Amino acid sequence: MNFKIQFVIYGVYTLLLLNIIMFIFLLIHKIIDRKIGKKDEKSRRYYENIIEDFISNNIEDIPEINTRRELLIFKSALLESLNRSNKNQQDKLLEIAREVGLVKIEMEYLNNASEARKAIAAYFLGEIGAKEATEELINNIDRSNKELSYVICRALILVGGIEYIDIIIDILRVDDFIMKSRILDLISLIHEEDIYPKMREYLEGTDIFKRVLALEALGNRKDKRVFPYIGQAISSSQKELKISGLKAVIEIGYLDCEDIISDIKMLKDDEEWEVRAFLAKALGEYNDCGREEIMILKEMVEDLNWFVRFNSSESLLRLGENGVVALSEILCSSDEFAKDRAWAILQREIELYSLFDRIKAYVKYDYIFNNIVSYEKSINGGALVES
């Protein structure tokens, strides 16, 4: 037989043998993984029952856990129980974590592990509410590592609530407003019923960044006690304060304070487009919006900035009949950008949300309808009328 042919045949046999060996290896590995998985699942169910019995006071002690793998399974079951527990049950779960040594182990990881493992430890200690870890958490804050610092700050919030908020703001603020949203996320985790005293302290202070945080934090919680401070914010010379004051109005969801509305309307000519854009959105929350406010929004639909035009037109739609009348009148504007924006809103509402059916009860229904039809005829020959 030709040597080359023999070489090819041996090569094929060798590859076949290697494939068979690899298949057998993978099969054995899969069988072992399945057995381990079943064993882990059995252990998990066992520990879930143990934890449930301890919380329910059916047992007084947790069985000893001997292996690292079992401890990890127990830790996972503990965190899962924590997600569906109430305050009293959380205290019992912390007691369990202390009893089996998890709190001590995770605190040791804070001091003797990689940054990734420190983050895992901080997360667990925060979730479980281990107050004894506070000092170690603070000592492990690394201002050069913002991600690790954020995880540690989150743990501090979960452990101490408002107690460590000054430290957290000092750690996370970078060029003031870059980390604002992340700090607000942390403040939202505070379960104390009333964080108002600390926020009032910020609102009455001189630190602009903290005033901004307080405005938005109280707005997010729909706390109406923020209203007097909104007026101060939007009357200031600071763009960030103006925007945060307007955001608070938007988050609370309504605007019925005459002192504030008079200040807010003065922002329509603000040199910063962001301020004008948030003003346009805030006016959509004004319950008693009258002719003056409608006229302001109509003018703002002609703003040079697209976001201002967008928010103004959306706010007009939210304001009911007078707002829809204004949108239909903008279709006759000499400003092409304004007409395009008004038509985009009205066309969307007609095609997707049955605008004409929704506004049949309006006093000026015919006026609105005729304005829309006239504009539609001017751009595509009356398809709307035919439909």
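Which helices each supply at least two residues of the lining of the largest pocket? In this predicted model they are helix 3 (87–99), helix 5 (115–128) and helix 7 (146–160). Residues are numbered from 1 along each chain as its sequence is written, and side-chain values use heavy atoms, without hydrogens or water. Because the model is predicted, local features need pLDDT of at least 70 and side-chain atom pairs count only at pLDDT 80 or more, while totals for chains, interfaces and linings use all residues. Helices are DSSP runs (H or I, at least four residues), numbered from the N terminus.

The largest pocket has a volume of about 510 Å³. Its lining comprises 19 residues, of which K87, Q90, G129, L158 and H191 are the closest to the centre. A pocket is an open set of points on a 1 Å grid over the protein atoms alone, where a 1.4 Å probe fits and protein lies on both sides within 12 Å along at least five of seven lines; lining residues have an atom within 4 Å of a point. The volume is the space filled by probe spheres set on the points. The lining of the largest pocket has 8 nonpolar, 6 polar and 5 charged residues. Ala, Val, Leu, Ile, Met, Phe, Trp, Tyr, Cys and Pro count as nonpolar, Asp, Glu, Lys and Arg as charged, and the others, Gly among them, as polar.

The second largest pocket holds about 190 Å³. Helix 16 (291–300) and helix 18 (321–330) each supply at least two of its lining residues. Helix 18 gives the most, with 5 residues. The lining includes G290, R291, E321 and K364. By class, this lining has 4 nonpolar, 2 polar and 5 charged residues.

Helix 18 also packs on helix 17 (residues 306–318). Their axes come within 6 Å and cross at roughly 135°. Axes are lines fitted to C-alpha atoms over the stretch in contact, and angles run from 0 to 180 degrees between N-to-C directions. S313, L316 and L317 of helix 17 contact (heavy atoms within 4.5 Å) G323, V324, A326, L327 and I330 of helix 18. This contact has 6 nonpolar, 2 polar and no charged residues.

Helix 2 (residues 68–83) packs against helix 5 at about 45°, with axes 10 Å apart. These two helices are therefore oblique as well. Helix 2 contributes K75, L78, L79, L82 and N83, and helix 5 contributes R117, I120, F124, E127 and I128. The contact of helix 2 with helix 5 has 6 nonpolar, 1 polar and 3 charged residues.

Conventions
Angles under 35 degrees count as roughly parallel, over 145 as roughly antiparallel, 65 to 115 as roughly perpendicular and the rest as oblique.
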